[in-house]
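Here is a short walk through one protein model.

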Amino acid sequence: MVIFMNKRNKAFSSFLTFIIGLLMLTSCNSSGSSTPMEKTMTKKERIMLVGASVGKAWKLSDFSLRTKSDGYIFESVAAYQYDKTEAIEEILMRPKRKFRLTRTYLRGFFKPSPQRPDTIIIKECAAYFPGDLEEYKTLMTKWVKRIREDNIKLILATTVPVTQKHAEGRKGRNETILEFNDWVREYAEKEGIPLLDLEAALRTDGQGRFLRDDLTSGDGLHLNQKAYGIMDNLLQNMLGITT
């Protein structure tokens, strides 16, 4: 019984400490003051990629260092499903944060408040295909409307196709990716939205429109560093960055 009570008391004490610390940090964080570094960073254009694992593998946060593009800050937010609604809504809340009773949330208060992006790139992964294309289109148009309402600029990206070998084992995947990409191109042109055409940059020549074999990490779906180098050049050209 004593052991049980001790464990319960320790758990309650830890929880109480967590809540007190959270309240103190919330108070400090809500003061609205900015450090000199934060003020300096706000002068740069913040570009954020909303995708899945691509932002981490691309090492987008280091893009400015690789390209010596001092006028930009790059960030990526991972959402591991086609539907990016929740991730986009949390981005639009910035500098506020969505409350979560987790250690990660608490640790976040030791960092500067998350900054709103000036531009959002929406990129979908080939892993979410085949799927309900009509629903995919509806969601995309919803996100565009929502982001524009908050006066944030947009860049839409086409989905990277898969290799021919991968496509042979996953019937319908590449076909629906290409259909989706054709729609994204038409929609971006209609809405006057810049397009980061990843498919065109990474695909094979000819009718098949597959991912080039030399650009995959081995599974025919994910990319290697050579592919990310091509993507660096593509984004540089779109932004007019010269090195």
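In helix 9, the buried residues are R173, N174, T176, I177, L178, F180, N181, W183, V184, R185, Y187 and A188. Buried means under 20% relative accessible area, exposed over 50% and partly exposed in between, with a 1.4 Å probe and protein chains only. Helices (H or I, at least four residues) and strands (E, at least two) are DSSP runs, numbered from the N terminus.

This is a predicted model, in which local features need pLDDT of at least 70 and side-chain atom pairs count only at pLDDT 80 or more, while totals for chains, interfaces and linings use all residues. Residues are numbered from 1 along each chain as its sequence is written, and side-chain values use heavy atoms, leaving out hydrogens and water.

The buried residues of helix 9 pack against helix 7, strand 4, helix 8 (164-169), strand 5 and helix 10 (198-202); contact means heavy atoms within 4.5 Å. Just after helix 9, G192 has a positive phi of about 70 degrees.

Five strands make up an open sheet in the order 2-1-3-4-5, with parallel pairing; two strands pair if DSSP finds at least two bridges between them. Its edge strands, strand 2 (72-78) and strand 5 (195-196), each pair on one side only. Strand 3 (residues 119-122) and strand 4 (residues 153-157) pair in the parallel sense over four bridges. I122 has L156 in strand 4 as its bridge partner.

Helix 7 (residues 133-149) packs on the sheet and touches strand 3 and strand 4.

Methods
Axes fitted to C-alpha atoms, helices over the stretch in contact; angles between N-to-C directions.
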